[in-house]
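This note sets out several points for a first reading of the structure. Please keep the sequence and the structure in view while reading.

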Amino acid sequence: MGDNPITTKPLGEYEVLSEGDDFKVKILRVTSGHKLSLQKHNLRDEYWTILKGTAKITAPQSHLGNEELWSNKILWHRASYDERCALIVYELNPGESTTFKRQEIHRVEAVDGDLEILEIQKGYCGEGDIERLEDDYDR
């Protein structure tokens, strides 16, 4: 870990590498067996690249676009928090990336050991732009 600010959360921690008026770059570390809240952001997009570990991602079925290209990654479908939007769960490994647009529901879970993600946020990057739909930590 460098000299960057680190924020501890119940699920792990994150380290801010760089930030400006409408962007933030950070390393998100999720402890094995933990997960982020099922959430969405109204004012920012997020770009994730998996650096370490296996990430179990929950997102809308429409998130992957052409399901045939991703069918080998999809683990299961689940009923959505919002019945207008079916959710899928799929895995990403180191070097693989995904993007979450504004208002797109998403979650990540560390399944096989600790997880490390390079996260780039674009738009309003304050913690107040997290709308939690489900949360294991009652936040």
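1. A salt bridge is a side-chain nitrogen of Lys or Arg within 4 Å of a carboxyl oxygen of Asp or Glu. In this predicted model, aspartate 22 and lysine 122 form such a pair, with their closest N and O atoms 2.7 Å apart. The pair links distant parts of the chain, since aspartate 22 sits in the loop between E2 and E3 and lysine 122 in strand E11, 100 residues apart. Aspartate 22 is partly exposed, at a relative accessible area of 36%, and lysine 122 is likewise partly exposed, at 35%.

2. The overall layout deserves attention next. The protein chain contains one helix and twelve strands, arranged along the sequence as β-β-β-β-β-β-α-β-β-β-β-β-β. Of its 139 residues, 45% are buried. Among contacts with a separation of 6 or more, 73% are between residues 24 or more positions apart.

3. Which residues have the most contacts inside the largest nonpolar core? They are Ile57, Val108 and Leu115, in a core of 19 residues. Strands that give two or more residues to this core include E2 (12-20), E6 (55-60), E10 (107-110) and E11 (115-123). Beyond its neighbours within four places in sequence, valine 108 is in contact with several residues, among them Trp48, Ile57, Leu115 and Ile117. In soluble globular proteins, nonpolar side chains tend to be buried together.

4. The structure holds twelve salt bridges. One of them joins the side chains of arginine 44 and glutamate 46, at 3.1 Å from N to O. Arginine 44 is buried, with a relative accessible area of 2%, and glutamate 46 is buried as well, with 3%.

5. A further salt bridge, at 3.7 Å from N to O, brings together the side chains of arginine 102 and aspartate 45. Arginine 102 lies in the loop between strand E9 (97-100) and E10, and aspartate 45 lies in strand E5, so the pair ties together parts that are 57 residues apart in sequence. Arginine 102 is partly exposed, at 42%, whereas aspartate 45 is buried, at 12%. Elsewhere, salt bridges with shared partners join Glu13, Glu15, Arg29 and Glu116 into one network.

6. Lysine 40 is buried yet has no salt bridge. The nearest side chain of opposite charge, glutamate 131, is 4.2 Å away, and a salt bridge requires a nitrogen within 4 Å of a carboxyl oxygen. Other residues in contact with lysine 40 include Gln103, His106 and Asp129.

Notes
Residues are numbered from 1 along each chain as its sequence is written. This is a predicted model: local features need pLDDT of at least 70, side-chain atom pairs count only at pLDDT 80 or more; totals for chains, interfaces and linings use all residues. Side-chain values use heavy atoms; hydrogens and water are left out. A nonpolar core is a set of buried Ala, Val, Leu, Ile, Met, Phe, Trp, Tyr and Cys residues joined through side-chain atoms within 4.5 Å. Buried means under 20% relative accessible area, exposed over 50%, partly exposed in between (1.4 Å probe, protein chains only). Helices (H or I, at least four residues) and strands (E, at least two) are DSSP runs, numbered from the N terminus. Contact means heavy atoms within 4.5 Å. Lys and Arg count as positive and Asp and Glu as negative; His and the chain ends are not counted.
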